[in-house]
2 protein chains.
Amino acid sequence: MARCPSEPRRNLAHEIASKMRRGIISGTFKPGEALAEPALAGRFGVSRAPVREAMIELERAGLVQFEITGRTRVRMLEEKDVVEIVEARIALESMGARLAAVRWTDEDTRWIERSITAQQKAASGVKFSALDIAMHEYIMNRGGNDRLFTLWQFVRWQFEMALTHIHSLQETQAPDLRCFSVTGHRKVLKALVERQPEMAAKVMSRHIKDSIEWYPGKRRGPSRQSRARIALPCKTRGHAVPVNVLNPFSQ
Amino acid sequence: MARCPSEPRRNLAHEIASKMRRGIISGTFKPGEALAEPALAGRFGVSRAPVREAMIELERAGLVQFEITGRTRVRMLEEKDVVEIVEARIALESMGARLAAVRWTDEDTRWIERSITAQQKAASGVKFSALDIAMHEYIMNRGGNDRLFTLWQFVRWQFEMALTHIHSLQETQAPDLRCFSVTGHRKVLKALVERQPEMAAKVMSRHIKDSIEWYPGKRRGPSRQSRARIALPCKTRGHAVPVNVLNPFSQ
DNA sequence: TAATTGTAAAGTGTCGACACTTTAACATTG
DNA sequence: CAATGTTAAAGTGTCGACACTTTACAATTA
């Protein structure tokens, strides 16, 4: 389904990069953890060369960080980083939705409807998140812009990594989030079905911004009380104002 | 000035990646050209390892392409690619401008004003383009979102590469483009000075879209006659319509 | 001539080795 | 005890080598 602009090399380096990516996203490798090449090479049963090459791939994707000394660590996440990631998602996905709206077909509609149905039946928060992201991926892919899609993947991985480190996501309020998020998805779908690019972009922006505000710990949805802010298109009379977002890391 | 989220390793691989990037952007390495590791290693007087690592960096930035066989080529550019690059620029830079508007200072204003002055005095098309991109970089940087900035750099390099391969840019209509583009820059600056995020995003989108339509060969600016289309926020009554862009590769 | 096959050249994927740098543990000294 | 110097361990940067694969070319054949 997902397209791959530049066919990936089928070598050890790329394979290890994929494994490492999954490991970082799933939390096997924790933020700030040192990634020594000899240790990883031993772990995967290869020499250091493929490991080094994999590290470069992960660094470009923003999942690990090179220090001035040459050492590599899993990238750390603070509140500020989540805001950055969400802002980047909004930038890319609003354009993605805009593009997808122009080329939208009935088959696409059916795909999304099936996805939404599955989302409603999702048994757990993590299962729901997987379906949620898969739907966003589908729309980004349908935008037809390979470069936009590639950039989006970088952000998507960082977002998934952030999700696993937001404690409050775990199970607790899954039903509320699910219900709220599905409502947003329906609005996005409506704009796409009606082939209204601007509406799709706008609704997508709001959906992403709103859904992230559900994660923190509050149960009643978006609020305006916290410090971090996410810029988003929001009409006010003449002077637009950035809306607040709750702190995703509050325990 | 430009920030660097993850301090780059100061090793041969990164150095070579930079040189190769400059070479690809400037046209020393032409689109479709094969990049054999032994040849490059000899050229730079190093072994293959750093070259391999540099290739991975460039592939992630979208400047080169890996084939299924493992061989590497400078990425080729068609009309479709320019559309993708510009759409990605619009997505990223509209958000960048939105963010920059919130944090805009008088010092930033002075910087941009100096830049615009220099742009007006630019002696050549290439010189103007350099100043133009530097101004866009400044604004992206002022957005304060490191991830957005990093993603933007990828697109920026691809855009610069595309520019060197658009024949019509060379000198001929430099004055017209310059005049037109500076007008757009002033509108962007106005929105930033007034700290209107939505206005800044909107004006930036339109500026990017319009300026690329100048490159083709026409002298009278944006037209609606060509095949390729760039999606852009543009208000129509209820139903937004993608606007056309001229073919940048028409000789 | 055109197609096919065999062979050499070129290129990639991976590894182990070595030099240099940073880190960390330990011993020394005030 | 704290501060400092010392040394061994760990880690990175780079290289050359070798096996395997793909490509290019030439010879062979229909």
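**How do you know?**

Modeller: Start with a backbone contact. This is a predicted model. In it, a polar backbone atom of B:Leu12 sits 2.8 Å from a phosphate oxygen of DNA strand D.

Colleague: What makes that a polar contact?

Modeller: The cut-off is 3.5 Å between N or O atoms. The B:Leu12 pair is at 2.8 Å, so it counts.

Colleague: Which part of DNA strand D does the side chain of A:Arg48 approach?

Modeller: A base nitrogen, at 2.8 Å from an N or O atom of that side chain.

Colleague: Which helix gives the largest share of the surface near DNA strand D?

Modeller: H3(B), with 3 residues. That surface holds 7 nonpolar, 4 polar and 8 charged residues.

Colleague: Now helix H9 of chain B. How do you know its length agrees with its residue count?

Modeller: Its 16 residues, 197-212, should span 22 Å at 1.5 Å a residue. The end C-alpha atoms are 23 Å apart, so the two agree.

Colleague: Why is H9(B) called largely enclosed?

Modeller: Buried means under 20% relative accessible area. In H9(B), 12 of the 16 residues are buried, so the rest of the structure largely encloses this helix. Among them are B:Val203, B:Met204 and B:Ile208. B:Lys209 and B:Asp210 are buried too.

Note on methods
Residues are numbered from 1 along each chain as its sequence is written. Chains are lettered from A and ligands numbered from 1 in the order in which they are written. This is a predicted model: local features need pLDDT of at least 70, side-chain atom pairs count only at pLDDT 80 or more; totals for chains, interfaces and linings use all residues. Side-chain values use heavy atoms; hydrogens and water are left out. A polar contact is a pair of N or O atoms within 3.5 Å; within protein, one must be able to donate a hydrogen and the other to accept it, and residues adjacent in sequence count only if both atoms are side-chain atoms. Helices (H or I, at least four residues) and strands (E, at least two) are DSSP runs, numbered from the N terminus. Ala, Val, Leu, Ile, Met, Phe, Trp, Tyr, Cys and Pro count as nonpolar, Asp, Glu, Lys and Arg as charged, and the others, Gly among them, as polar. The expected span of a helix is 1.5 Å times one less than its number of residues. Buried means under 20% relative accessible area, exposed over 50%, partly exposed in between (1.4 Å probe, protein chains only).
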